[in-house]
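Here is a short briefing on ligand surroundings and a pocket, for you to read alongside the model. Have the viewer ready and follow along.

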Amino acid sequence: MAKARGLVEILFDTCKGCELCVNACPFNVLQLSDQVNAKGYHPSMMVNPESCTGCASCAMVCPDSVITVYRVK
Amino acid sequence: METVIEKTNVNVDIEALRKEIIKEENIVFKKTIGLTDNPLSYCPGCGHGVVHRLIGEVCEEMEIIQDVIAIAPVGCSVFAYDFFNLDTQSAAHGRAPAVATGVKRTMPDKYVFTYQGDGDLAAIGTGETIHAANRGENITIIFINNGIYGMTGGQMAPTTLLNMKSSTSPYGREMDVHGYPLNITDMIAPLRGVCYATRQSVHTPANVRKAKAAIKKAFEYQKLKKGLSIVEIMSNCNSGWKMTPVQSNKWMEENMLENFPLGDIKVPQDK
Ligand SMILES: Cc1ncc(C[n+]2csc(CCOP(=O)(O)OP(=O)(O)O)c2C)c(N)n1
Ligand code: SF4
Ligand code: SF4
């Protein structure tokens with residue numbers, strides 16, 4: 001069976017860089033950015049987008065609802 | 001809306017991936033309309049935000065956003081009215097179940113729930129909690145247990161674990177001086193007015209999904225007029241515990257869940 005393919009979009013300036021999504025992702029897709037956002041946090045971003053399955057584990061633990069998850073069905 | 005995907009593996013054509021996958025019809029998760037667009041005032045990684053989202057999602061899925069009245073507490077979630085896209089009434093510290101009683105009795109067709117921390121519900125509001133439960137008020141209590149007074153600077157709460165450090169128990173909670181941690185959900189579950197009592201948590205994706213199902217069940221029992229339902233949700237207060245959010249969720253799993261085991265404590269007996 002082909003692996004499900006997904007991507008996430010993360011709101012740059014609303015993310016508080018708590019790192020819970022980075023820790024929750026089973027495929028190490030996410031990491032905190034080196035950039036600093038308007039709030040002064042390092043927001044989360046995709047570093048391995050091709051590994052994303054769109055499982056939404058990251059969005060489940062995100063307290064600030066900054067992640068939108070896409071999956072090709 | 002701003003988004004970011006600025007650094008990726010060198011051999012991946014991210015733009016092609018985005019073009020193929022980022023489409024309206026491929027969305028499997030997005031922010032619920034049960035919450036407003038206001039940024040949450042909580043510390044990064046705080047479980048309050050996750051629980052807010054779950055309540056919003058349940059109200060959206062049950063199509064009851066117009067029919068819900070939230071009662072907000074005193075504590076970090078005192079501004080909940082800014083975040084829920086729901087009618088909300090704030091209550092004095094610990095008095096949310098009393099306010100919810102009045103609101104529900106005057107508007108019995110509304111879904112009425114309180115949102116309370118452990119300082120609010122299990123310390124100053126113990127009396128209101130027990131008597132609303134004993135009267136079998138047809139309301140839902142969402143109880144966020146982070147073992148500490150978050151808002152005021154991490155003081156010991158009735159729920160603080162033995163040996164757990166807080167700003168008012170700097171050497172750890174001692175049984176001889178402070179007594180045992182209070183497990184109030186188990187305490188009120190046997191009351192005949194309580195139809196549903198459960199303890200959940202939001203520290204992993206799987207637990208978040210279970211917690212959402214429990215909130216939904218509680219609202220459904222309220223619709224069926226079964227009595228008071230209480231959903232306790234174990235949550236981190238990473239600032240008060242002086243840990244990173246990731247550390248705090250791990251610490252919770254390793255320490256809190258032994259004292260506050262997850263699962264249903266009471267479910268309605270169908271006649
Ligand atoms: C009558 C009264 N007493 C005390 C306070 C101070 N106070 C504000 S929040 C709080 C405790 C909140 O803790 P908790 O309910 O656990 O919520 P959290 O902030 O951890 O989410 C206290 C004691 C108050 N606001 N009003
Ligand atoms: S959707 Fe799943 S695979 Fe993709 S980034 Fe989130 S947790 Fe990782
Ligand atoms: S003080 Fe604790 S409970 Fe309050 S917002 Fe911060 S982490 Fe959450």
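Predicted model: local features only at pLDDT ≥ 70, side-chain atom pairs only at ≥ 80, totals over all residues.

**Conventions**

- Residues are numbered from 1 along each chain as its sequence is written, while chains are lettered from A and ligands numbered from 1 in the order in which they are written.
- Local features need pLDDT of at least 70, side-chain atom pairs count only at pLDDT 80 or more, and totals for chains, interfaces and linings use all residues; side-chain values use heavy atoms, with hydrogens and water left out.

**Around ligand 1**

- Backbone atoms take part as well: an oxygen atom of ligand 1 is 2.8 Å from a polar backbone atom of Gly119(B), and an oxygen atom of ligand 1 is 3.0 Å from a polar backbone atom of Ile148(B).
- There are 16 residues around ligand 1 (a heavy atom within 4 Å), and those that come nearest are His48(B), Cys76(B), Gly119(B), Asp120(B) and Gly150(B).
- Helix 5 (118–124) and strand 6 (148–149) of chain B each supply at least two residues of this shell, where helices (H or I, at least four residues) and strands (E, at least two) are DSSP runs numbered from the N terminus.
- Helix 5 of chain B gives the largest share, four residues.
- The shell around ligand 1 holds six nonpolar, eight polar and two charged residues, counting Ala, Val, Leu, Ile, Met, Phe, Trp, Tyr, Cys and Pro as nonpolar, Asp, Glu, Lys and Arg as charged, and the others, Gly among them, as polar.

**The pocket**

- A pocket is an open set of points on a 1 Å grid over the protein atoms alone, where a 1.4 Å probe fits, with protein on both sides within 12 Å along at least five of seven lines; lining residues have an atom within 4 Å of a point.
- The second largest pocket has a volume of about 400 Å³, and its lining of 28 residues includes Gly75(B) and Met151(B) among those nearest its centre.
- Helix 5, strand 6 and helix 10 (238–241) of chain B each give two or more residues to that lining.

**Ligands 3 and 2**

- Among the residues surrounding ligand 3 are Tyr42(B), Cys43(B), His48(B) and Cys237(B), and its shell divides into five nonpolar, five polar and no charged.
- Ligand 2 is surrounded by 14 residues, with Cys25(A), Cys52(A), Cys55(A), Ala56(A) and Cys58(A) the closest.

Methods:
Polar contact = N/O pair within 3.5 Å; in protein donor to acceptor, adjacent residues only side chain to side chain. Points joined across faces, edges and corners; volume = space filled by probe spheres on them.
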